[in-house]
Protein chains: 2
Amino acid sequence: MYHLVQDKPVVQKYGGTSVGSLERIQNVARRVAEQHKQGLKKVAIVVSAMSGETNRLVDLVSGINPHASLRNYDMAVSAGEQVAVALMAAALEKEGVASYGFLAYQLGIVTDSLHSKARIRDIDCTKLYKCWEEGIIPVVAGFQGVTEDMEITTLGRGGSDTSAVALAVALDAGFCEINTDVDGVYTADPRVVPQAKLVEEMDFEVALEMASLGSKVLHSRCVELGAKYQMPIIVRSTFQPNDHQRTRIMSFQAQRRLEAPVVSGVTLDRNVVRMSLTHLPSKPGLIATVFDKIAKSGVNVDIIVHNKHEESDSVRLGFTIGAADLVRTQDMLQRWCEELGPQVKCTAERGLAKVSVVGLGMQSHPGVASQVFTVLEKEGVAIHMISTSEIKISSVVAEADAEKASRALHAAFIEE
Amino acid sequence: MYHLVQDKPVVQKYGGTSVGSLERIQNVARRVAEQHKQGLKKVAIVVSAMSGETNRLVDLVSGINPHASLRNYDMAVSAGEQVAVALMAAALEKEGVASYGFLAYQLGIVTDSLHSKARIRDIDCTKLYKCWEEGIIPVVAGFQGVTEDMEITTLGRGGSDTSAVALAVALDAGFCEINTDVDGVYTADPRVVPQAKLVEEMDFEVALEMASLGSKVLHSRCVELGAKYQMPIIVRSTFQPNDHQRTRIMSFQAQRRLEAPVVSGVTLDRNVVRMSLTHLPSKPGLIATVFDKIAKSGVNVDIIVHNKHEESDSVRLGFTIGAADLVRTQDMLQRWCEELGPQVKCTAERGLAKVSVVGLGMQSHPGVASQVFTVLEKEGVAIHMISTSEIKISSVVAEADAEKASRALHAAFIEE
């Protein structure tokens, strides 16, 4: 059990589906007001835009100009949270609790200026403490931030989770509650693996791997922040009673970690594109230049494979990126390849997916990788790329094989 | 003709219907970019929310809580401008012009803290000058402001016109262009009076009376600001070519004023409620208290009729307010009447409208009032209340008579 220090604040985040209609907003307000009356005075609510709204705004701005500057893009897509904040505050007022809405600039949620993928630098909590002194529940806009020059930024899709955990850290909260449309984190996506079970307790490291490997429940940067500042995260369903099952993500004791399951979860990420650069000249520093250019355009590179062709003395470089970054990465690399010479080619391969097994117990159980290969081989699934860390093994496979692979790995490691 | 000082900035405002779809936004952007290429470098664009959007937001917040605090209400309803600003800036970028969007807090459009009816105190134009130095067209959110404590305010419905003129004043602009869905200001509402004609030149005083008397084309506070700071306002249609007819509102020379028509326009306001307070005790200062209370709740009182009943020594007070203020005014007055004693009654009468004739020439043509009475009597229209100033005569009549009265007055004074 997590230990809730009684006088520590609590941050509760409600996602898009939780505030997807006026009725749902009112239900959330009722729950919060109830808890407030029962003594939870220092609570801050973080909300996302009503479900569908951010997509609507993205469609509008992309419809006007698919190449709009990210500055103008962020201004358009962050408007949904403003509405949700105001509606939640008004709903709390209806429940008889005073409530103030806060946008990023009003609270001082200061980020860097990497529009549409900004990172929070600082949050000024002065106004929240003042609210609590006056019995007011503050409702804070997730997803958005403001630069020091007062430009609107957004934290990337799903960034409201990050806003909530960052706010919890800034407030030194007891924990951050992520209220969503599922009961918690499962051992696999139940739509893919019907045998998937809810994980009641999960270490940050496992949660972080699962989030970054494609588990949709949590945004990986939110878990990263939680882990960095040891802020417990509770994932629970908005639509279930308060005593319903949930997932607690925190740092467990060393003893508990030793007893951790070898594999806690199986994840599936369909959002994988493999980029290949072939016939690269074997020049020192060239590979570093590639990844430096990619990083500077704000694209995350995942699995990297690097082959030197001994005869021709040329290099072949393969790596995976998210499908959303494909156009940008390809444009940039194509130009760069042309500068290097006509023999250098840049290609992109779609139709791939990444299936991973994650578990703290792997650290003390060698041989998990070979077990993964055996399981996939038995299912006739070809592995295109592979990547391992201390607590995960990821295989890039054909998208058509991905669900079969997930079920087989879940059966072998979790159901066994 | 107005005199455009060539190096003075220009403010162009585009209303809800002008930005009502992505296609219309792109059309506006094309016009602005064209003018920019032809040398109009110092131009600032003010936009309203896309048509229907503010109503949608009002419905949402009223649906959640019809008694939401105005602070939360303003946060909800001002979100539409943010989207329109971002889309317009993105559309200008598509036309090959750099463009920055600005919300109220980003520019420093500082208002008082009278939420939903705020008044602009100051606008910091530093960022706009910086934009122009760099060839960037600034797009500014209308309707919204920010208090010194960084709370969002709104200027009242139609407030984007006011934002535009205030910005023109702050910039010392050559003029402020209001681009809307009509060609300009007409001698009457053409839907009511088919003979109505466009007025090409209009003095501020006449425009102000017409706006405050119900002509929907301009927001009266916008004309008030224009008059106060002598900022010429041009009303034109977004959907017509640049050389199409329009209305120029400014201060004309004394000679021109002398030649002004007796009546420039006939207005019709259906939005009238008569409040009556009866059996008020005849105490000094009591009437002042009533209007002080009403003013403090942010309600504008229009025509006032005050009768002292000599026999009973009691006072009967009648006055008109806008229909939107009815609930608030009635709630407040009801409570106050109860304090004064059981005989004091407060009643509201709906189903009324106000028909007015407005014209600078009235100043030098006595007898207009008696002509108004004659015209209305001949039509069989009963006058419930009347109010006159140097340049207008307003009659409160039954709503059912209002259109007939408008046509008769227009025929008598303008078509004759």
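Q: What makes residues of chain B count as in contact with chain A, and how many are there?
A: Two residues are in contact if their C-beta atoms lie within 7 Å. In this predicted model, 31 residues of chain B are in contact with 31 residues of chain A. Helix 1 (22-37), helix 2 (53-64), helix 3 (70-77), helix 4 (79-94), strand 3 (99-102) and helix 5 (104-107) of chain B each supply at least two residues of that side. Helix 4 of chain B gives the most, with 11 residues.

Q: Which classes of residue does the side of chain B that touches chain A have?
A: That side of chain B has 20 nonpolar, eight polar and three charged residues.

Q: How do you know which surface serves both copies?
A: The contact residues of chain B recur in chain A to 100%, and the same surface serves both copies.

Q: What makes strand 9 of chain A mostly covered?
A: A residue is buried if 20 or more other C-beta atoms lie within 10 Å of its own. In strand 9 (residues 175-180) of chain A, six of its six residues are buried.

Q: How do you know whether the faces of strand 9 of chain A are covered or open?
A: In a regular strand the side chains alternate between the two faces of the sheet. A:Phe175, A:Glu177 and A:Asn179 on one side are all buried, as are A:Cys176, A:Ile178 and A:Thr180 on the other, and both faces are covered.

Q: Why is strand 9 of chain A said to pair with strand 11 of chain A?
A: Two strands pair if DSSP finds at least two bridges between them. Strand 9 and strand 11 (residues 233-237) of chain A have five bridges, in the parallel sense, so they pair. A:Cys176 stands opposite A:Ile233 in strand 11. Five bridges also join strand 9 to strand 1 (residues 10-14) of chain A, again parallel, and there A:Val11 stands opposite A:Cys176.

Q: What makes strand 14 and strand 17 of chain B edge strands?
A: The open sheet has six strands in the order 14-15-13-16-18-17 (chain B), with antiparallel pairing. Strand 14 (301-309) and strand 17 (383-389) of chain B each pair on one side only, and they are the edge strands.

Q: How do you know that strand 13 and strand 16 of chain B pair?
A: At least two bridges are needed. Strand 13 (residues 265-281) and strand 16 (residues 345-358) of chain B have 11, in the antiparallel sense, so they pair. One of the bridges has B:Arg274 with B:Glu349 of strand 16 as partner. Helix 12 (residues 326-340) of chain B packs on the sheet, touching strand 13, strand 15 (314-322) and strand 16.

Key: Residues numbered from 1 in each chain as written. Chains lettered and ligands numbered in written order. Predicted model: local features only at pLDDT ≥ 70, side-chain atom pairs only at ≥ 80, totals over all residues. Buried ≥ 20, exposed ≤ 12 C-beta atoms within 10 Å, placed from the backbone. Helix = DSSP H or I, 4+ residues; strand = E, 2+ residues; numbered from the N terminus. Nonpolar A, V, L, I, M, F, W, Y, C, P; charged D, E, K, R; others polar. Axes fitted to C-alpha atoms, helices over the stretch in contact; angles between N-to-C directions.
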